[in-house]
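Please study the sequence and the three-dimensional model shown below. The paragraphs that follow lead through its parts in turn.

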Amino acid sequence: MAHYAIIDERNIVAKVITGVDENILQTDMDGTQVGGSSEAWETFYTAQLNNPNYYVKRCSYNATIRGKYPAIGDTYDPVADEFVAPTVEEPAES
């Protein structure tokens, strides 16, 4: 079972979904083959969103894939190709 992060145009994780394992190749109802790689499933799920402001990236509980398992509100860094938790600023002491 694979997981995929839905990411908005600001690279913020909006949702994480369960999807098809990247190595699975399926035949769509019109006979088109779908999947077979992480990139193919990312493209497929992005197209299913039908929204140009969102895209999908494969993620995993295994921290060696894209840094960490993303949570809603995390940022996807496309340069480092990893998910990053938001920075929490400590309140100033008075």
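In which sense do strand 1 and strand 5 pair, and over how many bridges? Strand 1 and strand 5, the latter spanning residues 54–59, pair in the antiparallel sense, and the pairing extends over 6 bridges. Within this pairing, Tyr4 stands opposite Arg58 of strand 5.

The C-alpha atoms of the chain fill a box of roughly 65 × 30 × 20 Å along the principal axes. The chain has 94 residues, of which 27% count as buried. Among contacts with a separation of 6 or more, 40% come from residues 24 or more positions apart.

Since the model is predicted, the confidence of the predictor also deserves attention. The average pLDDT of the chain is 91, and 98% of the residues score at least 70. Among the elements, strand 4 (residues 33–35) has the lowest mean pLDDT, 86, while strand 6 (residues 75–77) has the highest, 97. Where pLDDT is low, predicted coordinates should not be read in detail.

The discussion now returns to strand 1. Strand 1 also pairs with strand 2 (residues 13–19), again in the antiparallel sense and over 6 bridges. Here the bridge partner of Tyr4 is Ile17. Strands 1 and 2 form a hairpin with 4 residues between them, and Asn11 in the turn has a positive phi of about 70°.

The largest core has 8 residues in all: Ala2, Tyr4, Ile6, Val20, Val34, Trp41, Tyr45 and Val56. Strand 1 and helix 1 (38–49) are the elements that give two or more residues to this core, and strand 1 gives the most, with 3 residues. A second, separate core has 6 residues, including Ile7, Val13, Cys59 and Phe83.

Apart from its neighbours within four places in sequence, Tyr45 is in contact with Tyr4, Ile17, Gly19, Val20 and Val56. Ring pairs link Tyr4, Trp41, Phe44 and Tyr45 into a cluster.

Tyr61 is exposed, with a relative accessible area of 61%, whereas Tyr69 is partly exposed, at 24%. Tyr76 and Phe83 form a tilted pair, with 5.3 Å from centre to centre and 55° between the planes. Both Tyr76 and Phe83 are buried.

The loops complete the picture. Ser60 is found in the loop between strand 5 and strand 6. Why does Ser60 count as buried? Its relative accessible area is 12%, and buried means under 20%. Leaving aside neighbours within four places in sequence, Ser60 is in contact with Ile65, Lys68 and Tyr69.

Arg66 is found in the loop between strand 5 and strand 6 and is buried, with a relative accessible area of 14%. Most residues other than glycine have a negative phi. Arg66, however, has a positive phi of about 60° although it is not a glycine. Asp81, in the loop between strand 6 and strand 7 (82–84), also has a positive phi, near 55°. Asp81 is partly exposed, with a relative accessible area of 33%.

Note on methods
Residues are numbered from 1 along each chain as its sequence is written. This is a predicted model: local features need pLDDT of at least 70, side-chain atom pairs count only at pLDDT 80 or more; totals for chains, interfaces and linings use all residues. Side-chain values use heavy atoms; hydrogens and water are left out. Two strands pair if DSSP finds at least two bridges between them. pLDDT is the predictor's confidence in each residue, from 0 to 100. Buried means under 20% relative accessible area, exposed over 50%, partly exposed in between (1.4 Å probe, protein chains only). Rings of Phe, Tyr and Trp (its six-membered ring) pair if their centres lie within 6.5 Å; planes under 30 degrees apart count as stacked, over 60 as edge-to-face and the rest as tilted. A nonpolar core is a set of buried Ala, Val, Leu, Ile, Met, Phe, Trp, Tyr and Cys residues joined through side-chain atoms within 4.5 Å. Contact means heavy atoms within 4.5 Å.
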